[in-house]
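Morning, everyone. Please have a look at it first.

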Amino acid sequence: MEFRGVMGGIYRLSEWIMRLAGSNLLWVICSSPFLFFLVMRFIFGQPGFTANDILQANWGMGIMAPFTLFPATAALFTVVRKWVMGEGDVSVFKTYFRGYKENYKQSMLGGFFYTLLFIIMYVDYTVYMNQFPNLQLLGIVMLIFLLVLFVSLFNFFAMIAHYHMKLKDIIKNAILLSIVRPFRLFSTLLGTVALLFIGTKYPVLFVFFLASGIAWFAFFNFYGMFLKMQEQSEKQALADEEKELKADEQIVIGDQSPTEQAQQINVEKQPTSMNENVKKSLTKNKER
């Protein structure tokens, strides 16, 4: 009996290794044009190469990212979403390419938006920090914006995989959620940095496990945040309903003056916070 338990555990472990490796390999293949220029960027950073070589590699990455990296990553999040939600037995190959096909247009257009913003902010950052010493504070501000934009990418891919939502709403909520719920997102960022650090020690992980591991951890964090927001919205809806019932009871009983009753009926609603707006937007949209 104990031997069977050990063998069952080994089988499940090997199954998960195959899932992670398979999805990671699909991501590497589909985003290979971008990864090619990324590798060349690191090579051109070595002594003996010119600034023009580095610039060409940067342009190659910028052009390839919307067409290859973003759709490939959105498809990878489609796979890990199934795992996080308890559907571990789905076909990795079929799920990946179904997500790739369904989300290609949205992820590509979102890729153009993010790539353009990254380029603008990165150029501003380098100019302020290197050419205008008196304006380095603005360079630091640009660096903070770059960090927020990078962190919002985790939300962007998770929302594409999880919601039927318009692209403008996905981008808006991805950025706003990074601002109003920063701690969980920065925990994702720290986890990503830790996995990347391990990847530098063991480069084989880049090919077989790194991207799928980061995507799984990022969606796991996002889904936990989504469930918490959904629970809070349900509690708030119940509380609002209870208040309305009490107000109706007071009006029926008649223990208030006509003036007070009018005020009760026509009470002005308080403006909702940015956090509440994001919460409502995410919980009301249809999941995939």
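We need one term before we start: a salt bridge is a side-chain nitrogen of Lys or Arg within 4 Å of a carboxyl oxygen of Asp or Glu. Keep in mind that this is a predicted model, where local features need pLDDT of at least 70, side-chain atom pairs count only at pLDDT 80 or more, and totals for chains, interfaces and linings use all residues. Residues are numbered from 1 along each chain as its sequence is written, and side-chain values use heavy atoms, with hydrogens and water left out.

How many salt bridges does a search of the whole structure find? Four.

Take Arg19 and Asp89. Their closest N and O atoms are 3.0 Å apart. This pair links distant parts of the chain. Arg19 is in helix H1, residues 2-30. Asp89 is in the loop between helix H3 (51-84) and helix H4 (92-130). That puts the partners 70 residues apart. Helices here are DSSP runs of H or I, at least four residues long, and strands are runs of E, at least two; both are numbered from the N terminus.

Is Arg19 buried or exposed? Buried, with a relative accessible area of 9%. Asp89 is exposed, at 71%. The cut-offs: buried means under 20% relative accessible area, exposed means over 50%, and partly exposed is in between, using a 1.4 Å probe and protein chains only. Glu15 joins in as well: Glu15, Arg19 and Asp89 are linked in a network of salt bridges.

Next pair. Lys82 and Glu87 meet in a salt bridge at 3.6 Å, N to O. Lys82 is buried, with a relative accessible area of 17%. Glu87 is partly exposed, at 35%.

Another one sits within a single helix. Lys235 and Glu231 both lie in helix H9, residues 210-253. They are four residues apart, about one turn of the helix. Their closest N and O atoms are 3.4 Å apart. Lys235 is exposed, at 54%, and Glu231 is partly exposed, at 43%.

Now the overall fold. The protein has eleven helices and zero strands. It has 288 residues, and 36% of them count as buried. Contact means heavy atoms within 4.5 Å. Of the contacts with a separation of 6 or more, 75% are between residues 24 or more positions apart.

How do two of these helices pack? Helix H5 (residues 136-162) and H7 pack at an angle of about 95°, with their axes 10 Å apart. The two are therefore roughly perpendicular to each other. H5 brings Leu147, Phe150, Val151, Phe154 and Asn155 to the contact, and H7 brings Leu185, Phe186, Thr188, Leu189 and Thr192. Axes are lines fitted to C-alpha atoms, for helices over the stretch in contact, and angles run from 0 to 180 degrees between N-to-C directions. Under 35 degrees counts as roughly parallel, over 145 as roughly antiparallel, 65 to 115 as roughly perpendicular, and the rest as oblique.

Last stop, the surface. There is a nonpolar patch of about 790 Å², with Leu25, Phe197 and Tyr202 among its residues. H7 (182-201) and H8 (204-208) each supply at least two residues. Which helix gives the most? H8, with four residues. Ile198, one of the patch residues, is found in H7 and counts as partly exposed at 38% relative accessibility. Patches are made of residues with over 30% relative accessible area and no salt bridge; like charges are joined within 9 Å, and nonpolar side chains (Val, Leu, Ile, Met, Phe, Trp, Tyr) within 5 Å. Accessible areas come from the Shrake-Rupley method with a 1.4 Å probe; for residues, only the protein chains shown count as cover.
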